[in-house]
Each structure stands twice: as structure tokens, then as C-alpha cells.
Amino acid sequence: KAMVEMQFADFVTCGFNQIVNNLAKLHYRWNENADVVVRLPSGASVAAGPFHSQTNEAWFFHTPGLKIAYPAFPADAKGLLCRSFDDPNPVIFIEHKALYRSIEGEVPEGYFSLPFGKANILKSGNKATVITYGLGVHWMLDILKNNDLDIELIDLRTLAPLDYDTIYQSVQKTGKALVVHEDNLTGGIGGEISARIT
């Protein structure tokens, strides 16, 4: 299995053509696997400057042929990384840099994998649904820990495929939705999710 790790997600631009125009289209074009995982340490919050702090999952979100994993916990990182290795086609595996030395958790021993496209409901609630991923999960967990709020919290875990069924079921139950993510003001994944909910 080929795994490429960029030192920073920002540097993926140097391989953008190979990922978007070669890896993503290889199976469709030649019926062959593009058996590659690209790991991208992403995001701000670590004082790394403008060339080392971008949140760029949206660059790949609308590219057919790419899967995108974005774990928020160590166990999810292992399960989704194992699943990425098992997948015969390209996976963009994004890890928020601010979580590297700030989050701890038990990780199962041995091999295990988590399915793509299956969100995790971290907290049940009835008044509103919060949809998030990566560092946003921990922002919301901190808020919920310090406030008595009847909120349902969804950790997406993968962005492509996206678990719209879990999102729709939750929002139909609560009647309200808030999408929390770190991105530019325009063109982010949150806009797509809110449009689908609407």
C-alpha cells in the first residue's frame, strides 16, 4: 500500500494535478486501482503561519473518485486509517494538527476498521443538531461539558462519502441544525451540508 504523508496539508498543492487528475480518475479511465492514501496534517490553532495552517478539505470534496476521512479521536484515526489501507482506491486522510498532542484516548489493539460514510452520534439530544468534524468536535464537546444543553452532536468522521442519512434523521427529530467547521467563509463543506438540509 502506498501512503504519502505531506508535512503540512498546504503542501498538497505541489501534487494537486497528480491527485485530482491522475489518482482520482485512474479507476474510471483504465479500470485499475489507485491504491494510495494521502495523509494531510491540516488546520490552524498551532501558530504555524499562513502557509502551514490552511484547512483545505474542500479542495477535494467535489472531486469524484476521492474519499476523505477526517477523524477527531485516536481510535477513529486508527480505524479509518486501516479502512483507508483496505480501500483499493485513493483516500485523502486529514488530521487536524491541533489534535496531535492535545487529545488522548484508548486505541484498540490489533487490526480493526471503521466504515466510510458512517457518522458517530456522540451525544443524543432533542432541541438542536450540531454537525461537525475534526477539531470542531472538541470545540463542541467543551461547550457541552460546561453547559446543560439538549443538543445532538454528530461527528461526521468521513466527508466523502458523507452520512446524509444520519444528518437528515437527526435534523428531522430536532428541527434545528448548526454546522461547525474550520474553513474559509465561502465554499466550505458546511455550505453544502446546510444546503442539503434545507
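A crossing is called left-handed if the near helix is turned anticlockwise from the far one by less than a right angle, and right-handed if clockwise. This is a predicted model, in which local features need pLDDT of at least 70 and side-chain atom pairs count only at pLDDT 80 or more, while totals for chains, interfaces and linings use all residues. Residues are numbered from 1 along each chain as its sequence is written, and side-chain values use heavy atoms, with hydrogens and water left out.

Select helix α5 (residues 164-174) together with helix α6 (residues 189-197), whose axes come within 11 Å and cross at roughly 55° (axes are lines fitted to C-alpha atoms, for helices over the stretch in contact, with angles from 0 to 180 degrees between N-to-C directions; helices are DSSP runs of H or I with at least four residues, strands are E runs of at least two, numbered from the N terminus). α5 passes α6 in a right-handed crossing. Show side chains next: Tyr164, Ile167, Tyr168 and Val171 of α5 make the contact with Glu192, Ile193, Arg196 and Ile197 of α6, where contact means heavy atoms within 4.5 Å.

Now move to the largest nonpolar core, of 30 residues, in which Ile19, Leu40, Phe60, Ile92, Leu156 and Ile167 touch the most other members (such a core is a set of buried Ala, Val, Leu, Ile, Met, Phe, Trp, Tyr and Cys residues joined through side-chain atoms within 4.5 Å, buried being under 20% relative accessible area with a 1.4 Å probe, protein chains only). Colouring by element shows that α1 (16-30), β2 (36-42), β4 (91-96), β8 (158-160), α5 and α6 each give two or more residues to this core, and the largest share, four residues, comes from α1.

Finally, centre on Leu156, which touches residues including Lys118, Tyr133, Ile167 and Ile193, not counting residues up to four places away in sequence.

Conventions:
Buried means under 20% relative accessible area, exposed over 50%, partly exposed in between (1.4 Å probe, protein chains only).
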